[in-house]
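Hi,

Here is the structure I promised to pass on. Have a look at it first, and then read my notes below.

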Amino acid sequence: MAGLRLLVAAVILGFLSSTSESLRFELQSGHTKCIVEDIKANAMTVGKYSVVNPNEGHPIPDSHKLTVRVTSHYGNNYHYSELVESGQFAFVAAEAGDYMACFWAPDHKPQITLTIEFDWKTGVAAKDWSNVAKKGTVDVMELELKKLFDTVTSIHEEMFYLRQREEEMQELNRTTNSRMAWFSLLSLFVCSSVAALQWWHLKTFFEKKKLI
């Protein structure tokens, strides 16, 4: 039983590590930095960000504010906060593609550097399993099995999504090959026509000069 629990936990942790992004980065005032995440349609995504206090134990300076905007590949706005120290967002992706979280710090003289902590999770990693356990009053093994079931479901949906993208790429390749074939035939026809015209012109020229 203990071995099964460890195996289940290892599978879940291995999958979750590929569906979440937690990082810390620096942002200079007056500049913008964007982070992109590929999210499939109908997938849950949550994000949390905060400016690291440069003076621990003291209030964070008023200069350490940032503006955050989260948009989809088509330009749809999913989150916007202006001049904040921290914030979070959560939404279900209505469309598949790249989602962009952009951070902008107001310009200051002299220039300052902000350190930002950002945690972005999608899919199974975005679910709050502690709340699931409390609401369902399940034991550890049942919770792990539920996690594993949702993980398998997510992988299954991801496989269908990848297959759909592959079919789209194959259709694009077929269209491109067809167009290239027609272009090659057209180029061959033009070259042949030009060669025939040159031959006719030279023949006519030599006949006029009575060389042939």
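**What I found**

Let's start with Glu117: with a relative accessibility of 33%, Glu117 is partly exposed (that label covers what falls between buried, under 20% relative accessible area, and exposed, over 50%, using a 1.4 Å probe and protein chains only). Before going on, a word on the model: it is predicted, so local features need pLDDT of at least 70 and side-chain atom pairs count only at pLDDT 80 or more, while totals for chains, interfaces and linings use all residues. Residues are numbered from 1 along each chain as its sequence is written, and side-chain values use heavy atoms, with hydrogens and water left out.

**Charged pairs**

Side chains of opposite charge can pair when their charged atoms come close. How many salt bridges are there? The count is four, taking a salt bridge as a side-chain nitrogen of Lys or Arg within 4 Å of a carboxyl oxygen of Asp or Glu.

- Glu117 makes one of them with Arg24, at 2.1 Å from N to O. This pair links distant parts of the chain, 93 residues apart: Arg24 is in strand E1 (residues 20–28) and Glu117 in strand E8 (residues 113–122). (Strands, E, at least two residues, and helices, H or I, at least four, are DSSP runs numbered from the N terminus.) Arg24 is exposed, at 53% relative accessibility.
- Lys40 and Glu158 form another, with their closest N and O atoms 3.5 Å apart. Glu158 sits in helix H3 (residues 140–208) and Lys40 in the loop between strand E2 (32–39) and strand E3 (44–51), so this pair ties together parts 118 residues apart in sequence. Is Lys40 buried or exposed? Lys40 is buried, at 13%, whereas Glu158 is partly exposed, at 30%.
- Lys65 and Glu85 also meet in a salt bridge, at 3.0 Å from N to O. Glu85 is partly exposed, at 31%.

**The nonpolar core**

In soluble globular proteins, nonpolar side chains tend to be buried together. The largest nonpolar core here has 23 residues (a core being a set of buried Ala, Val, Leu, Ile, Met, Phe, Trp, Tyr and Cys residues joined through side-chain atoms within 4.5 Å). Which members touch the most others? They are Tyr49, Leu66, Phe89, Phe103, Phe118 and Trp120. Strand E8 gives the most to this core, with four residues.

Cheers
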